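Let us walk through this structure piece by piece. Keep the sequence and the model side by side as you read.

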Amino acid sequence: MAADQIKRLYESMPAKLDRARKRFGRALTLAEKILVSHADDFDKQEWSRGKAQLRLRVDRVALQDATGQMALLQFMQAGKKQVAVPSTVHCDHLIRAQSGAREDMERAISENREVYEFLHSASKKYGIGFWKPGAGIIHQVVLENYAFPGGLMIGADSHTPNAGGLGMAAIGVGGADCGEAMAGLAWEVLDPKLVGVRLTGKLSGWTSAKDIITYLCGLLTVKGGTNKIIEYFGPGAETISATGKGTICNMGAELGATTSLFHFDDRMAAYLRATDRADQAALAEAHRAQLVADPEVLADPKKYYDEIVEVNLSELEPHIVGPHSPDRARPISKLAAEVKREGWPAQIKAGLIGSCTNSSYEDMQRAAHIATQALKAGLKARAPFLVTPGSERIYQTIKRDGIMDTFQQIGGTVLANACGPCIGQWKRSDVAATEANTIVSSFNRNFPGRNDGSASTLSFLTSPEIVTALAFAGSLEFDPVNGTIPGPDGRPFRFTAPEGDELPAKGFAKGEEGFEAPAASGDTLQVVIPPGSERLQLLAPFPRWDGRDFVELPILVKTKGKTTTDHISPAGAWLRFRGHLDKISDNMFLGAVNAFTGEAGKGVNPISGEAGKPFTQIARDLKSRGTSWIVIGDENYGEGSSREHAAMSPRYLGAKVVIVRSFARIHETNLKKQGILPLTFSDPKDYDLFEQADRVTVVGLSALAPGKPVEVVITKPGGKTVSIKCNHTLTDEQIGWFKAGSALNALK
Ligand code: MIC
Ligand code: SF4
């Protein structure tokens, strides 16, 4: 974003903040400052945390190549000539890691040509900045180029909050939200509750920014942040680099938080300067007071935040989380005992560093510092070591400064500047698909099947420096802080704590930037979608609600336990169909655990009674018979990714209602946007009432109203009925989406 736009925002803020202080009768947190200064209409807006629906004007929209396809297809349906807010597309998810950066890139460009051409042509036509494959991962590129203190952005990716490292409120949303904001509509979100995290003490030694967030994941759990903004402050915050802050905010997504952010400080200004934005740094410094919370808030945080968490960084131990969930946390010193107790395979089969979460210069230097110690001692890495740099800038800089060389000397492979193994784009041949095996990474997510498509892989997450040390030990039972490993001479070898500069002393090196600006006028340009493509399919509108109640619908699936978007609509090899709704729907519920059988991905056809069929086949059969169906789900349903395919595929194949114990924020909105009715049991125990052969009726839909519970009647096979109450969070406008068949239909 150009400095003059930021200047305009900053100059408009004081009056808006004064108005808000008057109206609320108190001082403001940083999150509130950003929200009120981006209100579509401050005076008409109701402000009530956890209750009001905010209508906001965002400064920027970011899309990546996997979710961005649907976002753009939906934007195109709005019939606009140009995007209404600055927007970018980043080609990062579709590059498969196989044999190293150069070959992987060549393969990706040929395999994904159609998709890249579509994204490129649409970007050019509609005024969107285009970052080519290889330019870097969306969140790292946004941090380096676009994030700024006090801004508000949305992105079609759940880790968009990474920009909170620079004091921006950056929020992950579905593609439909992005399409609408790009079409010029206000963007809506539930007024979040505020969690204040007060950091004291100082990061040092082995402990890094990653440990703050992995510790908090354990403390707050994967749903602890739902519909909340997590705001970090306190003296400890200043001991964390801007990129370290980015890591913390990035993984706030693992808490389900709406977003996370830090108050503006000198470390942010230093990062802005190092990334060629001295003008923006100076602007932020000149407006410092409005880019942090008011002094009254810092003096008595309990009064202003709904919850307060205190973390003393001087006492924090390095942490590691996993397997299978990012909130399964413990200090690294406690892991060995747990590995034994649980019988997890101790041998580490791969160590992976980088990704959008931990790709900073500081991360790379600290990891290389560990590797250098081991090399000097004559040790060899005992597990394959893979590095995914977050951007071309990072790649060129670590190459220039010899860091890459160090990684290569330990036998590491530097992959393309892309998501790669983090999103299952990892072609692995060293273990069989069902072989239990352990990997460690510095990524942010570790759901089953995520990295290599195998649910038997146990994935642990920790800081890059700990991953590197573990790769030398080759064992999960090694505690690099307190333990030793045998040196080449048999004598015990002990690592010393990692060190690294927060910013490169010689500045960032630059390679081929990979950015392409849009055309000045796109009117005569065409968006390229080859006819008959198996990668891209224009969208047809979903049918309108017919005005009738849903009567005796069969249950396609009742899921048990964790049902993330990776369970509902897996990524990996399926990424190739992200622009083709019909084809991608073949992956629907592949990872979902059937509560009736315990089996993943398969169920019973409720009409024919045929058992052991993939859910998608059953759904297609029901659809061909004109029968709609419902989904029953557990806690935090739809956790994880922002991919709206997890809502669109069910909608496309006939889902009408999803009833769960609780929802993750982005997925609940995605369901609403696509015209599916998301309900929660008012008594979570009602989950147990649903059995395979039941039929489910939703009563009184024409009287659907905000805040009013809905009656759901379960009809048992013998005809007996049980009536329960369910809640929903639909606003008047969202009820309009439901009636129109989707938000997009309502817009037209
Ligand atoms: C992820 O980390 O799960 C992803 C892949 O980046 C997703 C987006 C997607 O599914 O394309 C996300 O986090 O939203
Ligand atoms: Fe890419 Fe992984 Fe980051 Fe998602 S979490 S944007 S897949 S690197």
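A polar contact is a pair of N or O atoms within 3.5 Å; within protein, one must be able to donate a hydrogen and the other to accept it, and residues adjacent in sequence count only if both atoms are side-chain atoms. Arginine 578 gives an example: an N or O atom in its side chain is 2.8 Å from an oxygen atom of ligand 1. This is a predicted model, in which local features need pLDDT of at least 70, side-chain atom pairs count only at pLDDT 80 or more, and totals for chains, interfaces and linings use all residues. Side-chain values use heavy atoms, with hydrogens and water left out; residues are numbered from 1 along each chain as its sequence is written, while chains are lettered from A and ligands numbered from 1 in the order in which they are written.

Stay with the ligand. Histidine 93 places a polar side-chain atom 2.8 Å from an oxygen atom of ligand 1. Serine 642 uses its backbone instead: an N or O atom there lies 2.8 Å from an oxygen atom of the ligand. In total, 14 residues surround ligand 1. Near here means that a heavy atom of the residue lies within 4 Å of the molecule. The closest are Asp157, Ser158, Arg445, Arg450 and Arg643.

Now the sheets. Helices (H or I, at least four residues) and strands (E, at least two) are DSSP runs, numbered from the N terminus. Two strands pair if DSSP finds at least two bridges between them. Strands of a sheet pair through backbone hydrogen bonds, either parallel or antiparallel.

One sheet is open and has six strands, in the order β6-β5-β2-β3-β4-β21, with mixed pairing. Its edges are β6 (169-172) and β21 (515-516), each pairing on one side only. Strand β5 (residues 152-155) runs parallel to β6, and four bridges join them. Within this pair, methionine 153 stands opposite alanine 170 of β6. Helix α7 (residues 175-182) lies across β2 (60-64), β3 (87-90) and β5, at about 135 degrees to β2. Axes are lines fitted to C-alpha atoms, for helices over the stretch in contact, and angles run from 0 to 180 degrees between N-to-C directions.

The other sheet closes up. Seven strands form a barrel in the order β22-β25-β26-β27-β30-β29-β28, and the pairing is mixed. Neighbouring strands are turned by 40 degrees against each other on average, direction ignored. Strands β26 (residues 655-660) and β27 (residues 677-681) pair in the parallel sense over four bridges. There, valine 657 has leucine 677 of β27 as its bridge partner. Helix α20 (residues 615-624) packs on this sheet and touches β22 (550-558) and β25 (629-632). Contact means heavy atoms within 4.5 Å. The direction of α20 makes about 160 degrees with that of β22.

Next, two helix pairs. Angles under 35 degrees count as roughly parallel, over 145 as roughly antiparallel, 65 to 115 as roughly perpendicular and the rest as oblique. Helices α1 (residues 3-24) and α11 (residues 278-286) pack at about 5 degrees, with axes 10 Å apart. They are therefore roughly parallel. Ala3, Ile6, Lys7 and Tyr10 of α1 meet Asp279, Gln280, Leu283 and Ala284 of α11.

Helices α9 (residues 242-250) and α10 (residues 266-274) pack at about 105 degrees, with axes 8 Å apart. This pair is therefore roughly perpendicular. Here Ala242, Thr243 and Lys245 of α9 touch Arg267, Met268 and Tyr271 of α10.

Two backbone details remain. The peptide bond from glycine 322 to proline 323 is cis, with omega near -5 degrees. Proline 323 sits in the loop between β12 (319-321) and β13 (329-331). Threonine 221 is not a glycine, yet has a positive phi of about 70 degrees. Look for threonine 221 in the loop between α8 (209-220) and β9 (228-233).
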